[in-house]
Amino acid sequence: MGKMKRWAFALIAGLAFIVAGVAHPVDAATSRLQAIKDRGYITVGLSADYAPLEFHATVNGEDKIVGADVSLAKKIAKDAGVKLQIKEMGFDALIGALKTGKVDMVISGMSKTPERAKQVNFSKPYMYEKQIVVIRKADKKKYKNVADFEGATVGAQKQTTQEAIAKAQLPGAKIHSLQKANDVVAQVSYNKLDAGVMSSIIAGAYVQKNKSLTMIDPHFATSASPTVVALPKGDTALTNQINGSINSMKKQGLWKKYLNQAYTLQNQSDGFWHKYGNYFVKGALNTLLFAFLTVIAGTILGTILALMRRSKIWILKAVGAVYVEFIRGTPLMVQAFIVFFGTQVLGLSLSAFTAGAIAMGINSGAYVAEIIRSGLNSVPIGQTEAARSLGLSSKQTTQYVVLPQAIKNIWPALGNEFVTDIKESSVLSVIGASELMFEGSTVQGASFQPFFPMMIVALIYFAMTFILTRALGVVERRMN
């Protein structure tokens, strides 16, 4: 037992080392600029739920990420003589992606703050965003300045300047940090929040679409925040290159042009289904693909782990036990982050889809292992003894006698795990994996309709899980 504990401690320490590597990656002082030019493209990270700066739109029948920030990124790439590659993920994952080398720069309406300056470099400001508060029109007389928000519930997007301002300058308010800007607007619209702190340029787009909302200037001490490009810490050459592009943009007066182009795309008059129907189809197909890959990986890995936990070889038993306990004891979201960023530290640049599929397979394997192990234990010992008395080896007994009976016993629980895999893929949206929940959130931000897209997402999830449940039921009845 002492050896098992020492081995388990070593394994956990190794995992901790990987996580620590994510937090403290290899020094990025060496400029990426030459490497970018050598490979021929520069990668920008963004969270495309922030219209008109970055959002999804259907352009010539294709889903594209557009907006003023994207136009700036294209100019930076053109000035450097390279192509632009866009990587989309949750806003709170962008700094981590930059520090681990997933992206070369972040352009996502990001404000310059002292906390972020400790982690990354900043370019010159390319825009100044005025901070305002979004409220319902019915409450316009109630809220006029910061003092009026005493006891009010106020929302802000997580890890943004708006969140910091709300916490620092609305001390009497109850602050709720939400994942996306459209979550803030939705909760204000449906009376879940009294108000939301937002950038004026973003809030203006939502207020224009939602006639029940308005925005006020509560006279924050921080009236305007510099919006900048985030870059690797200490990378002077790349910072100078991007500052040159920003200076050129300002000299040519291009920022206003970029915003006007974004407003034009934002206000396209095509019908909802024509503009966004393909997003739901793409999300549903990717969700099913995630589930399919997870079922295969989870079943194979789970079977191996279950047999390891039943092994008489202590090291195999210890590995199986530690793996199952660690995976079941940590959230899938954390595992997705570790795979996505941790593999980058190890020199593997995995896409969000690949990292998500691996994380789900790893996660499912632990649960399937316990299901299979319980199924193996449910087979009467007399079956094993009878098989051995007939001359079957231990391996043959497990393969031909115990496993088939175990599968019949565990099929309902195994089927439930498969159904769960469909829904759990929604967690992967935080690393930018394109599945149904991610695409639904994308439509929320692009259409400025916070409720309707989520209803469609819910119905699609229900349809997929209902059909799968019925199919599994048919198989179960035939087995019986």
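This is a predicted model: local features need pLDDT of at least 70, side-chain atom pairs count only at pLDDT 80 or more; totals for chains, interfaces and linings use all residues.
Trainee: How many helices and strands does the chain have?

Mentor: The chain has 18 helices and 13 strands. Helices are DSSP runs of H or I with at least four residues, strands are runs of E with at least two, and both are numbered from the N terminus. The C-alpha trace spans about 85 × 50 × 50 Å along its principal axes.

Trainee: Which residues does UniProt list as "transmembrane region"?

Mentor: The unreviewed UniProt entry lists residues 288-308, 336-362 and 451-475. Its positions follow the numbering used here, feature names are shortened, and annotations may be inferred rather than shown by experiment. In the model, residues 288-308 are 100% helix and 0% strand, with end C-alpha atoms 30 Å apart. Residues 451-475 are 96% helix and 0% strand, and their end C-alpha atoms are 37 Å apart.

Trainee: Why is Met 464 called buried?

Mentor: Buried means under 20% relative accessible area, exposed means over 50%, and partly exposed lies in between (1.4 Å probe, protein chains only). Met 464 has 11%, so Met 464 is buried. Its place is in helix 18 (residues 452-479). Leaving aside neighbours within four places in sequence, Met 464 is in contact (heavy atoms within 4.5 Å) with Ala 284, Thr 287, Leu 288, Ile 422 and Leu 436.

Trainee: Arg 309 is in helix 11. Is Arg 309 buried or exposed, and what makes it so?

Mentor: The relative accessible area of Arg 309 is 18%, so Arg 309 is buried. Beyond four places in sequence, its contacts include Glu 325, Glu 370 and Arg 373.

Trainee: How do helix 11 and helix 16 pack?

Mentor: Helix 11 (residues 272-309) and helix 16 (residues 394-424) pack at about 145 degrees, with axes 11 Å apart. Axes are lines fitted to C-alpha atoms, for helices over the stretch in contact, and angles run from 0 to 180 degrees between N-to-C directions. Among the contact residues are Thr 287 and Leu 307 of helix 11, and Thr 398 and Phe 418 of helix 16.

Trainee: What is the largest nonpolar core?

Mentor: The largest nonpolar core has 50 residues. Such a core is a set of buried Ala, Val, Leu, Ile, Met, Phe, Trp, Tyr and Cys residues joined through side-chain atoms within 4.5 Å. Val 229 and Trp 255 are among those with the most contacts inside it. A second, separate core of 30 residues includes Val 120, Ala 357, Met 360 and Leu 428.

Trainee: What is the phi of Gln 159, and why is Gln 159 called partly exposed?

Mentor: Gln 159 has a positive phi of about 60 degrees although it is not a glycine. Most residues other than glycine have a negative phi. Gln 159 has 44% relative accessibility, so Gln 159 counts as partly exposed.

Trainee: Why does His 219 count as exposed?

Mentor: His 219 is at 59% relative accessibility, so His 219 counts as exposed. Its phi is also positive, about 65 degrees.

Trainee: Which peptide bond is cis?

Mentor: The bond from Ala 51 to Pro 52 is cis, with omega near 5 degrees. Pro 52 lies in the loop between strand 2 (49-50) and strand 3 (54-59).

Methods:
Residues are numbered from 1 along each chain as its sequence is written. Side-chain values use heavy atoms; hydrogens and water are left out.
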